[in-house]
Structure formats: structure tokens, C-alpha cells
Amino acid sequence: MLTKRIIPCLDIKNGRTVKGTNFVQLRDAGNPIELATMYAEQGADELVFLDISATEEKRKTLLELVTGIARKINIPFTVGGGVSSLEDAKIVIGAGCDKVAVNSAAVYNPQLITQIAREFGSQVLVLAIDAAIENDNWIVFTSGGKKRTELNLFDWAKRGAELGAGEILFTSMNHDGTKKGFALDALKTLCDSTSIPVIASGGAGCVGDFVDLFQQTNVDAGLAASVFHFQEIQIPSLKNELHEQGILVRK
């Protein structure tokens, strides 16, 4: 059985780490290079870097910051935000990341998933999906949660896997920043509807939320931001508790 992964996420805006609730009301959460270094030292399994305003601002990823983080950490490093072409993927990988996350660009050009997967392998391609529930239907949103699409979360995840994505990073917009627990029902369905690993994002508020996540769903990883940034949960303590609960994690 594979060990479950704990992944801090750096949402980046104007070169700083930020965190909001339901994708709005952003507040400063610190220096991204300092936070990345701390997480690597604490035993995080991976790190995700999302340049959350790149797509909306029609610009590319902050490469200097990506390079600065890559030089400081020795854990797998995923970068997303502003990656809209195979060339963009080549550039951010060249800056030092291990995986590339695509979101909005993949919705509007699904073949981008296949192009990146063919060039670098599926293990490098993470399909990030932001979705919100509307009348019992999970709808995909793009542009940092600002643009509604007609796509269903589960259908899009399944198609993404077929196109070559290696992992799904699903963020529940309804749960984001609320600290009331993950979207367990949606995650159960998502894991059942796709054959590739799923990373859960949105709603972590306490250690118990991670216990519930791994005991009640088949996700491969739990991702969180504010509870780690503001040290409400320490990664070593979280892993100790998960281990005590019989959940396999890297110590």
C-alpha cells in the first residue's frame, strides 16, 4: 500500500504567499521561499506552488521565484499558474520544478494535457480542477474560480486522465479556507471515477480532517495552506497522529 502524502500549497500573488476563503478575501501569509524551506525541513512530502493571478492577468509564471524555491528544497515541487503551452511547461521545468499543474488552459485546450504528457511523461502532469457544487452538481470553474464553465468535475477529471494527466488536484471552492473539513463525498466519487491519483484540497482545519480524509476516501494526498502557513498544524505532529491512526505516511 502506498503511503499517503502531505502537501503544503503556496498560493502566490504579487510575489507573496496569500490565502483566502472560498477564493476571495486574500490575506498575506508570508515569504514563499522561507515557507518552502520550512516545509521541506518539517518533512512535507511535496510542495505545490500556484501563481493564482497569472491566468487572470494574462502573464507567465514568476520564474525567478520558482527558481529561488527550487534551489532551497529537496522534495518534489509542482508549479502551476500561467502554464498555457508546451513551451511554458518546458520553461518552468527548466526553472527547477518536478511537475507542472495545468488548470484553465487545459479546459480551453484539452490537447495541452496530451502534449505535456507526451513530452515529459504523465507523472509530470497534474490536472488542477477548481469546482463548486450547484444543485448537487459539481461545476468546474477557471481563472482562479472566477469563470464558470459547463463542465462537470467528474467527467472532466475522467477525460483528463484519458488525455494523459498523471494526477488530479481537486480544490472544492465551497470548502476552500473554511477549515470545516474536506469535500469527502465528492472526493469519494472522484476517486471512483478516475484511475489516477487524487490530491484533495480545500477545507483542512485540524488534524482530524486529515484522518477523516484518508480513512473515508481513497485519495493519495491531502493538500492544505493556511493551517500550515499560520502553524495551526505542524507537519511532524500531523504525521505522528496519522501514523497512530494506522494511516501509512512517510515519517
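Leaving out residues up to four places away in sequence, Val 102 touches Val 83, Leu 112, Ile 113, Ile 116, Leu 125, Val 126, Leu 127 and Ala 128, where contact means heavy atoms within 4.5 Å. Before going on, please note that this is a predicted model, in which local features need pLDDT of at least 70, side-chain atom pairs count only at pLDDT 80 or more, and totals for chains, interfaces and linings use all residues. Residues are numbered from 1 along each chain as its sequence is written, and side-chain values use heavy atoms, with hydrogens and water left out.

Val 102 is also one of the residues with the most contacts inside the largest nonpolar core, together with Phe 170, Phe 210 and Phe 228; this core has 71 residues. A nonpolar core is a set of buried Ala, Val, Leu, Ile, Met, Phe, Trp, Tyr and Cys residues joined through side-chain atoms within 4.5 Å. Buried means under 20% relative accessible area, exposed over 50%, and partly exposed in between (1.4 Å probe, protein chains only). Helix α6, residues 153-163, gives the most to the core, with 6 residues. Helices (H or I, at least four residues) and strands (E, at least two) are DSSP runs, numbered from the N terminus. A second, separate core of 11 residues includes Ile 7, Leu 50, Ala 101 and Leu 169. In soluble globular proteins, nonpolar side chains tend to be buried together.

Now to the aromatic rings. The whole structure holds 5 aromatic pairs. Rings of Phe, Tyr and Trp (its six-membered ring) pair if their centres lie within 6.5 Å; planes under 30 degrees apart count as stacked, over 60 as edge-to-face and the rest as tilted. Phe 210 and Phe 228 form a stacked pair, because their ring centres are 6.1 Å apart and their planes are at 25 degrees. Phe 210 belongs to helix α8 (residues 207-216) and Phe 228 to helix α9 (residues 226-229), so the pair ties together parts that are 18 residues apart in sequence. Ring pairs also link these two with Tyr 39 and Phe 182 into a cluster.

Helix α8 has several buried residues: Asp 209, Phe 210, Val 211, Leu 213 and Phe 214. They pack against β1 (5-13), α7 (184-193), β11 (198-201), β12 (221-224), α9 and α10 (235-244). From strand β12 comes Ala 221, whose contacts beyond four places in sequence include Leu 213 and Phe 214, as well as Arg 5 and Ile 7.

| Residue | Relative accessible area |
|---|---|
| Phe 210 | 0% |
| Phe 228 | 1% |
| Ala 221 | 0% |
| Ile 73 | 12% |
| Thr 171 | 9% |

Ile 73 sits in the loop between α2 (63-70) and β5 (77-80). Apart from residues up to four places away in sequence, Ile 73 touches Ala 36, Thr 37, Ala 40 and Leu 47. Thr 171 lies in strand β10, residues 167-172, and its side chain makes a polar contact of 3.1 Å with the side chain of Ser 201. A polar contact is a pair of N or O atoms within 3.5 Å; within protein, one must be able to donate a hydrogen and the other to accept it, and residues adjacent in sequence count only if both atoms are side-chain atoms.

Finally, the cysteines. The count is 0 disulfides, a disulfide being a pair of cysteine sulfur atoms within 2.5 Å. The sulfur of Cys 97 is too far for a bond, because the closest cysteine sulfur, in Cys 9, is 14 Å away.
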